[in-house]
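Take a look at the model first.

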Amino acid sequence: MRRARLGARLAPYFLVLPGWLWLVLFFVVPTFVMLSMSTQTGDIVAGFKQTFHWQNYSNGWDQYHVQFVRSIIYGLIATGLCVAIGYPVACWIAFRGGAHKSSLLFLLLLPFFVSFVIRTQAWSTILSDDGIVLSRLKDWGIVGADYHVLATPTAVIWGLTYNFLPFMVLPIYVALERLDPALLEASSDLYGSRAATFMKVVLPLSMPGVFAGVVLTFVPAAADYVNAFILGGSHTTMIGNIIQTEYFTNQDYPTASALSFLLMVGLLLGVFAYARAVGTENALEMAAAQ
Amino acid sequence: MTALDERVDAQPAPARRHARLRPGRWALPIWGWLVIAWLTSPIIVMIIFGFNDTKSRLNIHWQGFTLRWYRELFQIPDLTDALKNSITIAIIVTVIATVMGTLMGLGLGKYRFRGLGATNLLMFANIAAPEVVLGAALLSLFITMGIPRGYWTIVIAQVMFSIAYVAVTVRARMAGLDPNLEEAARDLGAGPYATFFRITLPMIMPGVMAGALLVLALSIDDYIITSFNAGQVQTFPLWVYGATRNGVPPQVNVMGTFIFMFGVLLALVAWATNRRRAA
């Protein structure tokens with residue numbers, strides 16, 4: 001009897017252990033290894049030594065703050081666009097979807113069945129200088145002959161917005177879907193106009209969804225480098241591109257580690273500050289549950 | 001709106017109540033369909049340009065219809081190898097991550113225990129951390145330990161970012177289950193294994209399947225984390241990324257089309273079986 005009870009007490013640990021070990025070994029430990037690497041000095045031929053050279057951080061920032069700031073700005077703009085584009089879509093599916101809600105959500109998720117790289121590559125086909133769209137616009141004289149979209153910030157932000165939009169719509173949809181219809185009725189019974197009902201009932205109650213969406217969109221968008229590589233040019237380089245180049249082309253692992261660590265800490269601090277400002281309890285939990 | 005309409009509106013069908021929220025009768029659906037069209041346009045372009053009889057290396061201009069790329073699908077050996085790697089890695093990763101993630105989801109969904117909060121935080125950090133950082137950190141570990149990057153480091157990396165997704169999906173499924181069923185099985189003399197395989201597992205199966213599908217999609221699709229830990233090994237997205245600067249051959253469009261159709265088919269089958277089970 002006692003053995004059975006002990007077994008029952010240990011059961012959750014046995015269940016969680018394999019996944020937990022994998023995450024600790026290949027996610028937590030590597031993060032600390034990266035932290036340690038970020039203060040080393042040396043080069044790829046002679047090897048790297050731990051010298052607690054914290055200047056790697058200040059040097060990295062001095063050298064690449066332009067790309068850092070650019071990544072944050074692109075990420076913010078793409079996230080803002082995702083809210084503006086995605087919120088009405090979430091409303092449409094949640095309130096007007098009727099029996100077709102799952103079909104509409106399925107259509108929304110359709111892009112995920114095509115590789116991220118191929119989707120982005122397809123946009124570069126569509127938006128190319130003499131491609132499907134621009135050649136028509138040029139024929140019709142709407143834009144000048146030397147007008148181009150690729151290699152501009154517009155193209156990169158376009159790609160980021162496109163690629164991460166579903167991550168915004170889904171959490172907002174979930175929040176709206178949970179909304180009790182009785183609340184809407186109560187609002188209209190109390191002579192709330194449609195606009196007032198939206199502003200005072202729907203919008204506040206959907207904020208946890210918006211929060212989750214903002215985190216799920218902003219973090220990957222700011223850290224992305226695929227869009228900047230495929231759709232951008234030399235003036236749209238983002239911090240992800242720099243980290244990749246430092247690791248693989250320059251093989252300057254300490255600088256690369258310092259930049260990655262800076263990026264992670266910056267984004268996490270941003271997320272937590274935002275969580276406090278918005279004041280949505282369980283918001284992180286909600287984001288995790290998506 | 002007349003008084004009669006008002007009364008019809010007030011009928012208790014709950015779906016109708018939402019109808020009062022209307023910022024314009026047509027604006028919302030039009031916007032929604034426009035966004036869906038926008039989201040699907042690159043997919044349509046991908047499919048169409050798989051039939052393009054292109055003469056140059058750049059597959060950008062429409063030059064007539066051909067089935068040539070379907071016939072010559074495997075004429076680029078490197079690309080074929082990359083696709084094979086992607087498929088075998090996806091299968092291995094799906095099996096490992098689904099088993100570990102399901103166990104984790106069971107533990108998290110069924111028990112309250114010390115360390116529950118820490119485990120939740122660990123999973124949240126894993127999901128929320130930017131991909132570049134996950135990839136770079138793991139690469140730092142492999143470099144420090146002198147482990148050469150290749151096929152198995154890709155598997156390790158992909159399992160690492162997949163476990164939490166399965167765990168979350170399975171836990172969500174657990175939340176809606178009646179624990180009395182398991183107790184009833186045990187009262188009727190079923191051992192812990194029989195209870196698990198005949199009661200618990202069938203009940204959480206839709207969650208497990210959804211998690212597995214998600215991992216399959218994440219694995220086949222992943223570029224960033226994989227590229228950091230791939231060494232010289234190519235996967236499908238890695239090969240395509242490398243080819244973007246010199247022009248992506250139409251075979252990529254054809255393979256992308258097949259992966260797309262297969263994914264859609266799989267999702268529809270999973271959906272249909274779930275529905276039948278629920279009914």
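The questions and answers below go through a few labels one by one.

This is a predicted model, where local features need pLDDT of at least 70, side-chain atom pairs count only at pLDDT 80 or more, and totals for chains, interfaces and linings use all residues. Residues are numbered from 1 along each chain as its sequence is written, while chains are lettered from A and ligands numbered from 1 in the order in which they are written.

Q: Why is Ile96(B) called partly exposed?
A: A residue is buried if 20 or more other C-beta atoms lie within 10 Å of its own, exposed if 12 or fewer, and partly exposed in between, with C-beta atoms placed from the backbone. Ile96(B) has 19 other C-beta atoms within 10 Å, so Ile96(B) is partly exposed.

Q: What makes the stretch around Ile96(B) a helix?
A: Helices are DSSP runs of H or I with at least four residues, strands are runs of E with at least two, and both are numbered from the N terminus. Ile96(B) lies in such a run, helix α5 (residues 77-110) of chain B.

Q: How many helices and strands does chain A have?
A: By that rule, chain A has 12 helices and 2 strands. From the N terminus on, their order is α-β-β-α-α-α-α-α-α-α-α-α-α-α.

Q: What share of chain A is buried?
A: Of the 290 residues in chain A, 46% are buried.

Q: How do you know that chain B touches chain A?
A: Two residues are in contact if their C-beta atoms, placed from the backbone, lie within 7 Å. In this model, 75 residues of chain B are in contact with 76 residues of chain A. Helix α3 (residues 27-48) of chain B gives the largest share of chain B's side, 13 residues.
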